[in-house]
Amino acid sequence: MRLKYVLLGLCVAATAMSYAQDKTKKVLFNIDNHPYYTDEFSRVYKKNLDLVKDESQKNLDQYLDLFLGYKLKIQKANKLGLQNDANYLAELKSYRTQLSRNYMTDTKVTKELVDEAYQRSLKEIKASHILITVDENASPADTLKAYNQAMDIRKKAVAGESFDDLATRYSQDPSAKDNKGDLGYFSVFRMVYPFETAAYKTKKGEVSLPVRTRFGYHLIKVNDIRDNRGQVSVAHIMLMKAENPVEGESIKNNIDDIYKKIKQGENFESLAQQFSQDRSSAGKGGHLQRFGSGELSSEKFEDVAFSLKNPGDISEPFQSQFGWHIIKLIEKTPVRSFADVQTEMESRVRKDDRSKLIDASLSEKLAKKYNIEKNPKLYAKAAKLVTDKFYEEAWEVPASTPELEGTLLVINKDKKVSALDFLDFVNTQQKTKWGIRPIGKVVDQLYGKFIHNQLMNYYNDNLEKENPEFANVMDEYRDGLLLFDLMEKEIWNKAKTDTLGLKAFYEKNIANYQWHPRVEANVFSSTQQDAIQQTLKFLKKKKSIDFIKEQLNKDNKVSIMVKTGVFEEGSEALPKYPKLNVGISDVIKDGNYYFVIDVLKKMPKGPKTFEETKGKVINDYQQYLESKWVDELKKEFTINIDKGVFSEVKQELQQ
């Protein structure tokens, strides 16, 4: 799936456009009498102008050919009927649902909430709480009872009683018996929004007034407030998790040996290059990208990294769910700037309780924007049909409802909503435990929620009309998705399954699929010349690797490390050496290390077999097929380019 989105991102027109629209548009070209217009061509050219590195792609004649090729592929996809495929339609619908969330928002309220969230993210709060549970939809009497109980407990805390003891005695949070209500440190987005707000508004050492969340009423005591610890840059050496206990013991011994070598003064980065099994970082001396709390998959790794105080500090070996690690601190950096986290913050604001505030604000604006015609008499008839069975989840929409004929709501004069639509909605709400009585009050609340939903749905259904940017993005994603499906059908799958074509391509281009000379070898390394000299003597006496390590790695010191495998000559895994032959090499000095290489087998350079390089052959064959594809499409379809219109577009774009 990721490949699909990469492809769509690289398409000629696969990302969001600006609101600006050309006032006039003309037909630039036709493909089988299907018109394509100047406004789209100009828009995508301007968008991509700053993205292309190849100056030739800025040439409008060449860009027209590129644009034409793109539209030919889309035309081919439609000709094959790919636009009717059930999977395609489902994914397009899913994408529209996701994309529309970015437009179903009140930008002003969203900005205020994002600004607030960022300011809160600068601090971490250590707090304890006491919970008195009460349902969201409890009756006013039950709600008041829970509130008064919380207030009574708060009076005890304010009077000096231990908050920990009060939490143990009174809190209805099951974990309070063990943790005394302690929540540890948290920052923005870690708690439900009302709780978070109360915590950030309560001073250190004080107890908040009761705060209502969907769980009930909370009393919050703020025990400490500290600055967010920011981000950290580290390097690490990692040995992968063992598959069995025997292997686990060996891995533990190896990480301990590496740590001993570090303590002996050996270079951390060099050891990472030699022994770390994190392939993405080993070649860079174990260096990882900068990260902050919660950004890695291992909390243990983060905590150890942040515990290091000064650049150059090195942790003891420790185990995470991925294996064993040793961490070296490179740099600590402060909290990221607002500009760096704004997009992330906006996304998270839309996903938590804050979104209710955004929805409410947007709904209020839509109620003013759209004309809503209500039918009070019909609503009264519908409301009377909802009985107290609703509280027992046993109420059903009446099978025959002639009295409900007519329209309950009309939105903007073109969307009609029936009373049965409302009753069906009421039916879906029965699982919520309502404490409010009589039932008429519940129905009134649900009617308000129903109208809100209908307004939001109407706005969503008309987003293409309301927002030109949204319409452009959807059109372009629709085309990009078709292009992906077409290429999968016509190019990628063919390249994988066309065995004869693949092998013929491989044989014709075999010069591109060659092995460098390789050796199967044991590579011994040490920073101590005398240790490597002793290793050389042992090897000449045909001593085993275990024997050599046992003799030289004594007194809790690691003098010799060994790496076994097949290596291409000249690779970074081998020390620089003019020529390797079967047998034992001389002592080799490379940087601060001494090496001896025991070459067990030598494999000369030569062509890779088809199976050894099949993946690369398939990739190259796909590119070859695609390069011929557009030429074939130009022959399949009838193309008419309006040269005069293109000249006008060129003149406008070159001004």
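## Lysine 351 and its helix

Let's start with lysine 351, a residue of helix α14, which covers residues 338-351. This is a predicted model, so keep that in mind as you look around. Lysine 351 counts as exposed because its relative accessible area is 69%, and the cut-off for that label is over 50%.

Together with Arg101, Arg190 and Arg348, Lys351 makes up a positively charged patch on the surface.

## Valine 349, tucked away

Now look at valine 349, which is in helix α14 too. Is valine 349 buried or exposed? With a relative accessibility of 0%, valine 349 is buried, since anything under 20% gets that label.

Which residue, 239 positions away along the chain, pairs up with valine 349 here? That's threonine 110: the two C-alpha atoms sit 7.5 Å apart.

## The whole protein

Zooming out, the protein has 25 helices and 21 strands. Its radius of gyration comes to 34 Å, while the globule rule gives 26 Å for 655 residues, so the protein is more spread out than a compact globule.

As for burial, 44% of the 655 residues are buried. Valine 349 is one of the buried residues, whereas lysine 351 is exposed.

Key:
Residues are numbered from 1 along each chain as its sequence is written. This is a predicted model: local features need pLDDT of at least 70, side-chain atom pairs count only at pLDDT 80 or more; totals for chains, interfaces and linings use all residues. Side-chain values use heavy atoms; hydrogens and water are left out. Patches are made of residues with over 30% relative accessible area and no salt bridge: like charges are joined within 9 Å, nonpolar side chains (Val, Leu, Ile, Met, Phe, Trp, Tyr) within 5 Å. Accessible areas come from the Shrake-Rupley method with a 1.4 Å probe; for residues, only the protein chains shown count as cover. A salt bridge is a side-chain nitrogen of Lys or Arg within 4 Å of a carboxyl oxygen of Asp or Glu. Lys and Arg count as positive and Asp and Glu as negative; His and the chain ends are not counted. The place of a charge is taken as NZ of Lys, CZ of Arg, CG of Asp or CD of Glu. Helices (H or I, at least four residues) and strands (E, at least two) are DSSP runs, numbered from the N terminus. Buried means under 20% relative accessible area, exposed over 50%, partly exposed in between (1.4 Å probe, protein chains only). The radius of gyration is taken over C-alpha atoms; the globule rule is 2.2 Å times the number of residues to the power 0.38.
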